[in-house]
Amino acid sequence: DVLTPCTCCFGTLRHAIRFLGEDAELRARVTQALAAEGHAWSGTSEVEHLLSVLARRIGADALAAAVRAPRTSLRVAAQYGCHALRPSNVARFDNPMAPTIFEALIRATGATPVDWPRRLDCYGDPLHQANTPLSERMTRAKIADALESGAEAICSACPHCHLRFDAVQAGAPDPAIQTLLYTQLLGLALGLPAKSLGL
């Protein structure tokens, strides 16, 4: 089984498993390539995202019970990332139109998740190489929407999303909004030093 903290990796690996399950010719080629290395495709591997493991196997209540430094004054915009939710028949992460897992995990840290209109919109990175100005406008629009909704931070379920939000704000003396990975937010709430979390 594979556990990933990245929704891009999660989506890609879930697609790979889906393709291997549906395409006998692909499965035969992969089986042959693996055999040359002494391995075999079992078809039983699962790919999970860190948030779904935290939510379903550990639970928000158990996480909340472990919190030592609750982030009670922090208002947070949850950035799921497209690959966590769509296509829903591949990802099987949460309701793609009304997800709640991330917000429950944010609440477990003591922070308050904000409701923001663009929370499920793409932030534009798939367009970055083809149309950088449009991609950056989309990212900035998400940042502006989070701020207008009262968020003090955008919390991402994906390092790739996190990097894009930081890149768009790079060079500004004061970034418009703080960006955090969920692991950083949780680490702070558990009482870990900011430096050890890469902050």
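**Notes on the sheet and its cores**

1. Let's begin with the sheet: four strands form an open sheet with parallel pairing, in the order E4-E3-E5-E6. Strand E4 (112-113) and strand E6 (178-181) are the edge strands, each pairing on one side only. Strands here are DSSP runs of E, at least two residues, and helices are runs of H or I, at least four residues, numbered from the N terminus; two strands pair if DSSP finds at least two bridges between them.

2. A word on the source: this is a predicted model, where local features need pLDDT of at least 70, side-chain atom pairs count only at pLDDT 80 or more, and totals for chains, interfaces and linings use all residues. Residues are numbered from 1 along each chain as its sequence is written, and side-chain values use heavy atoms, leaving out hydrogens and water.

3. Inside the sheet, strand E3 (residues 75-79) pairs with strand E5 (residues 153-156) in the parallel sense over four bridges. Ala-77 has Ile-154 in E5 as its bridge partner.

4. Of its 28 residues, Leu-51, Phe-93, Phe-102, Ile-106 and Tyr-182 touch the most other members. Helix H7 gives the largest share, five residues.

5. Leu-51 deserves a look of its own: leaving aside residues up to four places away in sequence, Leu-51 touches Phe-93, Ile-101, Phe-102, Leu-105, Ala-157 and Tyr-182 (contact means heavy atoms within 4.5 Å). A second, separate core of 15 residues includes Cys-6, Cys-161, Phe-165 and Ile-177.

How values were computed. Core = buried A, V, L, I, M, F, W, Y, C linked by side-chain atoms within 4.5 Å. Buried < 20%, exposed > 50% of the residue type's maximum accessible area, 1.4 Å probe, protein only.
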